[in-house]
Amino acid sequence: GLLHTKSMSIDNETAFIGTSNFDIRSFTLNFEINLVFYGSRIIQELRMKHKHYIETSVQMTGEQWNQRPFAQKVFENIVKLLSPLL
């Protein structure tokens, strides 16, 4: 699967969860949104979720990435061309 949500805990009291990348384009052009959370309970839950994601992730090597199917590479390159419109 793919996790598209961006989330970040700053300290034990503050976190961001949302769809935007942390750059000007995402904030101004893509109409994306983030929520800011305050409070140790929600931050603890978010950190536990981050830990779960890391523990269940599968690391991919550069060699594995380069060996993905040709059709997938073509599709990815087409999507890159269209990304300003998406």
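**Salt bridges, sheet and surface**

I started with E55, which counts as exposed because its relative accessibility is 55%. A reminder to myself: this is a predicted model.

What does E55 pair with? I found a salt bridge to K51, with the closest N and O atoms 4.0 Å apart. Both residues sit in helix α2, four residues apart, about one turn of the helix. K51 is exposed too, at 52% relative accessible area; the cut-off for that label is over 50%.

How many salt bridges does the structure hold? I get three.

I looked up R41 and E45 next. Their side chains meet in a salt bridge at 3.2 Å, N to O. This pair also lies in helix α2, with a spacing of four residues, about one turn of the helix. R41 is exposed at 60% relative accessible area, whereas E45, at 40%, is partly exposed.

Then I checked R68 and E76, whose side chains meet in a salt bridge at 2.6 Å, N to O. Are these two buried or exposed? R68 is buried, and E76 is as well. Buried here needs under 20% relative accessible area.

On to the sheet. I see three strands in an open sheet, ordered β1-β2-β3, with antiparallel pairing. β1 (6-9) and β3 (34-38) are at the edges with a single partner strand each, so one side of each has no neighbour in the sheet. On average, neighbouring strands are turned by 15° against each other, direction ignored.

A hairpin of four residues links β1 to β2. The two strands run antiparallel, and four bridges join β1 to β2 (residues 14-18). Which residue of β2 is opposite S7? I noted I17. For M8, the bridge partner in β2 is F16.

I find it lying across β1, β2 and β3, and running at about 120° to β1.

Last, the surface. I picked out a nonpolar patch made of F70, V74, I78, L81 and L82, with about 520 Å² of accessible area together. L82 belongs to helix α4 (residues 70-82). I put L82 down as partly exposed because its relative accessibility is 40%.

Key:
Residues numbered from 1 in each chain as written. Predicted model: local features only at pLDDT ≥ 70, side-chain atom pairs only at ≥ 80, totals over all residues. Heavy atoms only, no water. Pairing = 2+ DSSP bridges. Axes fitted to C-alpha atoms, helices over the stretch in contact; angles between N-to-C directions. Contact = heavy atoms within 4.5 Å. Patch = residues over 30% accessible without salt bridge, like charges linked within 9 Å, V, L, I, M, F, W, Y side chains within 5 Å. Areas by Shrake-Rupley, 256 points an atom, 1.4 Å probe, with all protein chains shown as cover. Buried < 20%, exposed > 50% of the residue type's maximum accessible area, 1.4 Å probe, protein only.
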